[in-house]
Amino acid sequence: MKRAIYPGTFDPVSLGHIDIIKRASLIVDELIIGVLHNPAKTPLFSVDERVKMLEEIAEDFPNVRVETFDGLLADFAKKMDARLIVRGLRVVTDFDYELQIAQTNRVLNHEIDTMFFVTDLKYSYLSSTTIRETAYFGGDVSKFVSPKTIPWIDRKMKELHK
């Protein structure tokens, strides 16, 4: 069985993320979306909220499931018995960073390979940071996220603006 992990913070999940999930799920038997709990970051959404958002998205893909992890991605891949990491590339500068991470993961676990998906051009500008900032200042995020994600963002913005 070809099992892959698509790791990330997903704060929140964007249409670009969903595009990668869709394309990767067509190539592997099982795709695990690994939601990173990184104590060095202060995400807008809790790990539980991000997992629930992604589980709603994953309902559309029968071979996709969502798990959380902390620590090293190489260790998580071994625990999940996955040999493939899926990463998206939006711009050239993403490649420099992602290549270093892929090489590090390969050194930590020589059975891991990384597959890069070039983002669809219509999402190349999109980031979770852009979505959060647009939402915070009252902008329309409907062109950036799934309709399933909008209620999550609306609730969070109401909490922040109390």
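Helix H4 contributes eight residues to the lining of the largest pocket, the most of any element. The model is predicted. In this model the largest pocket holds about 1,200 Å³ of space. Its lining comprises 42 residues. Gly8, Thr9, Lys41, Arg87 and Glu98 lie nearest the pocket centre. Two or more lining residues come from each of strand E1 (3-8), helix H1 (15-25), helix H3 (73-79), strand E4 (84-89), helix H4 (92-108) and helix H5 (128-136). By class, the lining of the largest pocket divides into 19 nonpolar, 16 polar and seven charged residues.

The second largest pocket holds about 160 Å³. Its lining consists of Met1, Lys2, Arg3, Ala4, Ile27, Val28, Asp81, Ala82, Arg83, Leu84 and Met115. Seven of these residues are nonpolar and four are charged; none is polar.

The strands form an open sheet of five, in the order E3-E2-E1-E4-E5. The pairing is parallel. Strands E3 (64-69) and E5 (113-118) stand at the edges. Each has a single partner strand, so one side of each lacks a neighbour in the sheet. From one strand to the next, the twist averages 30°. In general, strands of a sheet pair through backbone hydrogen bonds, in either the parallel or the antiparallel sense.

Strand E2 covers residues 30-36. Six bridges join E2 to E3, and the two run parallel. Within this pairing, Ile33 has Val66 of E3 as its bridge partner. E1 and E2 also pair in the parallel sense, over six bridges. Here Pro7 stands opposite Gly34 in E2.

E2 is mostly covered, with seven of its seven residues buried. Both faces of the strand are covered. Glu30, Ile32, Gly34 and Leu36 are buried on one side. Leu31, Ile33 and Val35 are buried on the other.

Helices lie across the strands. Helix H2 (residues 47-58) lies across E2 and E3. H2 runs at about 170° to E3. H4 lies across E4 and E5, at about 160° to E5. H4 is also the element that gives the most residues to the lining of the largest pocket.

Pro7 belongs to strand E1. The relative accessible area of Pro7 is 5%, so the residue counts as buried, the cut-off being under 20%. Beyond residues up to four places away in sequence, Pro7 touches Gly34, Phe69, Leu73, Ile85, Val86 and Arg87. Pro7 and Lys162 are 155 residues apart in sequence. Their C-alpha atoms are 32 Å apart in space.

Several backbone features fall in loops. Most residues other than glycine have a negative phi, and most peptide bonds are trans. Phe10 is not a glycine, yet its phi is positive, about 55°. Phe10 is found in the loop between E1 and H1. At 3% relative accessibility, Phe10 counts as buried. Pro12 is found in the loop between E1 and H1. The peptide bond from Asp11 to Pro12 is cis, with omega near 0°.

Asp81 also has a positive phi, near 55°, and is a residue other than glycine. Asp81 is found in the loop between H3 and E4. Its relative accessible area is 57%, so Asp81 is exposed; the threshold for this class is over 50%. Asp81 is among the residues that line the second largest pocket.

Thr129 is placed in helix H5, one of the elements that give two or more residues to the lining of the largest pocket. With a relative accessible area of 36%, Thr129 is partly exposed. Thr129 and Arg83 are 46 residues apart along the chain. Their C-alpha atoms are separated by 29 Å. Arg83 is one of the residues lining the second largest pocket.

Conventions. Residues numbered from 1 in each chain as written. Predicted model: local features only at pLDDT ≥ 70, side-chain atom pairs only at ≥ 80, totals over all residues. Heavy atoms only, no water. 1 Å grid on protein atoms, 1.4 Å probe; cavity = no way out; pocket = protein on both sides within 12 Å on 5 of 7 lines; lining within 4 Å. Points joined across faces, edges and corners; volume = space filled by probe spheres on them. Helix = DSSP H or I, 4+ residues; strand = E, 2+ residues; numbered from the N terminus. Nonpolar A, V, L, I, M, F, W, Y, C, P; charged D, E, K, R; others polar. Pairing = 2+ DSSP bridges. Axes fitted to C-alpha atoms, helices over the stretch in contact; angles between N-to-C directions. Contact = heavy atoms within 4.5 Å. Buried < 20%, exposed > 50% of the residue type's maximum accessible area, 1.4 Å probe, protein only.
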